[in-house]
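Hello,

Here is the structure we talked about handing over. Please open it next to this email. My notes follow below.

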Amino acid sequence: MSREIHPPVGYGVDFGDGYAAVVRCARRGRRMAVIAEAKGGAATAALAAAASALAAAQRRRRALIAAVAPARDVLLRRVVVPLASAAKARRVLPSLLDVQLPLPLESCVCSFPEAKPDGGGRVIALAAVAPKDAMARCVEQLQAIGLDPAVLAPEGLVLWRGSLCEMPPGDPALARIVVYAGADRWTAAAGIGDAFR
C-alpha cells in the first residue's frame, strides 16, 4: 500500500502595532502567496484567524513556521579564522567572535550560518548574535498569538537570501541592496553578486 507524502508548507509571519501579514510558501516551485494581510483594527482579527489555522497545521505536522529575529536585535559579524578547514574553524569561532562583541557571549545566542574557506588558508564565517532576552521576547510574542516557530532567522540575512532566490545574480561584481519597508520598521541588506555584506 503506497502512501502519499506531503512536504511541509512553510509559513512566514510578520506583525507589529496595527499590522499583520502571513505568507505561505510551498517547497515545490518556490511559490509564495499572501494569505492574510491587514492594517488597523482588522489586523488583530486577520492575525488571529491566520494564527489559528497555522497552529492547527503545525500540530498535524503539516506546517513549518519561520519567523525573523528583527534586525535591531541581531548583530551580524564576519569572523576570519586562520585555518584552512571549515570544520576546525567552527570549533574556535565562538572564542574569536567573543572579542568582537559589545556584550558577553554567555548572555547571547549565536549561530554561524556561513563558514567557507577563502582559498588562501583562511575560513571566513558569518556570525549572527542576539541577546537571549531579546530572542525570548520574540518567541513569547509569537507564542502569545498561538504560533511556535521552528526557526528564528536574522532579518537581514532572510531578506538577502530571499532576493537571491527571486532574482539570482547575473553579474558577480554587481552590488545589490534589498529593502523591507514595514509598518513599524525598515530593514536593508546589501552585498555584491551573491555575497552578503
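Which residues are linked in a network of salt bridges? They are Arg78, Glu114 and Arg161. A salt bridge here is a side-chain nitrogen of Lys or Arg within 4 Å of a carboxyl oxygen of Asp or Glu.

Before the details, the ground rules. This is a predicted model: local features need pLDDT of at least 70, side-chain atom pairs count only at pLDDT 80 or more, and totals for chains, interfaces and linings use all residues. Residues are numbered from 1 along each chain as its sequence is written, and side-chain values use heavy atoms, with hydrogens and water left out.

**The network**

Glu114 is found in strand S6. Helices (H or I, at least four residues) and strands (E, at least two) are DSSP runs, numbered from the N terminus. One partner of Glu114 is Arg78, with N to O at 3.4 Å. Arg78 lies in strand S5 (residues 75-81) and Glu114 in strand S6 (residues 108-117), so this pair ties together parts that are 36 residues apart in sequence.

Arg161 also meets Glu114 in a salt bridge, at 3.5 Å, N to O. Arg161 sits in helix H4 and Glu114 in strand S6, so the pair ties together parts 47 residues apart in sequence.

Exposure comes next. Buried means under 20% relative accessible area, exposed over 50%, and partly exposed in between (1.4 Å probe, protein chains only). Glu114 counts as buried because its relative accessibility is 15%. Arg78 is partly exposed at 32%. Arg161 is partly exposed at 39%.

Contact means heavy atoms within 4.5 Å. Leaving out residues up to four places away in sequence, Glu114 touches Arg78, Arg90, Ile124, Ala125, Leu126, Leu157 and Arg161.

**Helix H4**

H4 covers residues 155-166. The expected span is 1.5 Å times one less than the number of residues. For the 12 residues of H4 that gives 16 Å, and the end C-alpha atoms are 16 Å apart, which agrees. Its buried residues are Glu155, Gly156, Leu157, Leu159, Trp160, Ser163 and Leu164.

**A further salt bridge**

Arg185 lies in the loop between strand S9 (175-181) and strand S10 (186-192), and Glu155 in helix H4, so the pair ties together parts 30 residues apart in sequence. Both residues, Arg185 and Glu155, are buried.

Across the whole structure, the search finds five salt bridges.

Best wishes
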